[in-house]
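Please consult the sequence and the model alongside the text.

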Amino acid sequence: SNGSDPSPSSFILASIPGLEAAHFWMAIFLCSMYIVAVTGNCTVLFIVKTEPSLHAPMYFFLCMLAAIDLALSTSTVPRVLSFYWFDTREISFGACLVQMFLIHSLSAIESSVLLAMAVDRYVAICHPLRHAAILTNAVTAKIGLVAMARGVVFFLPLPLLLLPLPFCKSRELSHSFCLHQDVMNLACTSTTASMVYGLIAILLVMGLDSILICLSYILILKAVLRLASWKERLKVFSTCIAHICVVLAFYVPLIGLSVVHRFGKDLAPLVHITMGNVYILVPTVLNPIIYGVRTKQIQRRILNLIHIRNN
């Protein structure tokens, strides 16, 4: 496109060419996923709050994860549903920047919480006698506050760096919501500062967290392999399975979306939109299901609630 708009009033959310007629059914599917995510995460929050035996660091971290997933899905999915059901493709410039900040900062906070959960597993397995003294409720709360501050501090500059840029007349995004790299690519001037800062922020948060999580599990594996029997090893390591699945559910879509942005410029719009929706919805849907299946205390409490309701 020729020319630029120094202050765009809005951006255009991406639609899938040729599949406009299927938007209604796509919205039904997304809405179902959103309902599952909200129900599952609210259930986790309710069970941990009402069950005194679950008032421990691991479950407090799980509550943080559930709250983040609720905020992340709620900041994106209702707007996507509005687009699919009512064809409201335009999103204001300010709303786009706010949504972009929420997506990236909440993802950073989730990454920090996943790292804290890995450290919790490491301390519980490698230093079980010191676990209660090291990870007290006060320390857990401070970790949550640091995770929140870290996400805000690192990713608040992203929308601020985009504010003064002129944008091309073509304002169509490649996703159904706003992401930093997607919005940045529409600028009609050099975006080197924004691109470099975004890369540094990702590396210092998600990149560093993933390395430290891997390091935690290397130390956990070394401790587990020192146990006498395979039965004992499997029993101890099984306490980490839920966390490993949650880590994969978060980082695999994140890496996939990054690869699509970096190398998939010639891919069909369907790929971009699908990867974006997977990145937003898959972790928020899977996290409560994974912990509900793998954690006996949560299973038992859910079954009790179902039994009480049926009576």
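## Basis of the model

The model is predicted; local features need pLDDT of at least 70 and side-chain atom pairs count only at pLDDT 80 or more, whereas totals for chains, interfaces and linings use all residues. Residues are numbered from 1 along each chain as its sequence is written, and side-chain values use heavy atoms, with hydrogens and water left out.

## Annotated segments

The unreviewed UniProt entry lists "transmembrane region" for residues 24-47, 59-85, 91-119, 131-156, 195-220, 241-264 and 270-293. Such annotations may be inferred rather than shown by experiment, and their positions are given in the numbering used here.

Two of these segments can be compared with the model. Residues 91-119 are 93% helix and 7% strand, with end C-alpha atoms 40 Å apart. Residues 195-220 are 100% helix and 0% strand, and their end C-alpha atoms lie 36 Å apart. Helices (H or I, at least four residues) and strands (E, at least two) are DSSP runs numbered from the N terminus.

## Nonpolar core

The largest nonpolar core comprises 81 residues, and Phe11, Leu114 and Val183 have the most contacts inside it. Helix H4 (residues 93-126) provides the largest share of this core, 15 residues. A nonpolar core is a set of buried Ala, Val, Leu, Ile, Met, Phe, Trp, Tyr and Cys residues joined through side-chain atoms within 4.5 Å. Buried denotes under 20% relative accessible area, exposed over 50%, and partly exposed in between (1.4 Å probe, protein chains only).

Setting aside residues up to four places away in sequence, Leu114 touches Leu65, Ile213, His243, Val246, Val247, Phe250 and Tyr251. Contact requires heavy atoms within 4.5 Å.

## Largest pocket

The largest pocket holds about 810 Å³ of space. It is lined by 30 residues, of which Gln181, Leu199, Ile202, Ser258 and His261 are the closest to its centre. Two or more lining residues come from each of H4, helix H8 (180-184), helix H9 (192-225) and helix H11 (241-263); H9 gives the most, with 10 residues. By class, the lining has 18 nonpolar, 10 polar and 2 charged residues.

On a 1 Å grid over the protein atoms alone, a pocket is an open set of points with protein on both sides within 12 Å along at least five of seven lines, a cavity is a set where a 1.4 Å probe fits but cannot get out, and lining residues have an atom within 4 Å of a point. Grid points are joined across faces, edges and corners, and a volume is the space filled by probe spheres set on the points. Ala, Val, Leu, Ile, Met, Phe, Trp, Tyr, Cys and Pro count as nonpolar, Asp, Glu, Lys and Arg as charged, and the others, Gly among them, as polar.

## Enclosed cavity

The count is 1 cavity of 30 Å³ or more, and the largest cavity has a volume of about 50 Å³. Its lining consists of Leu30, Thr76, Val77, Val80, Phe177, Asn277, Ile280 and Leu281. Helix H12 (269-294) supplies the largest share, 3 residues.

## Individual residues

Asp87 lies in the loop between helix H3 (77-86) and strand E3 (90-92). Asp87 has a positive phi of about 60° although it is not a glycine. Most residues other than glycine have a negative phi.

Ser194, in helix H9, is buried, with a relative accessible area of 3%. Val259, in helix H11, is partly exposed at 40% relative accessible area.
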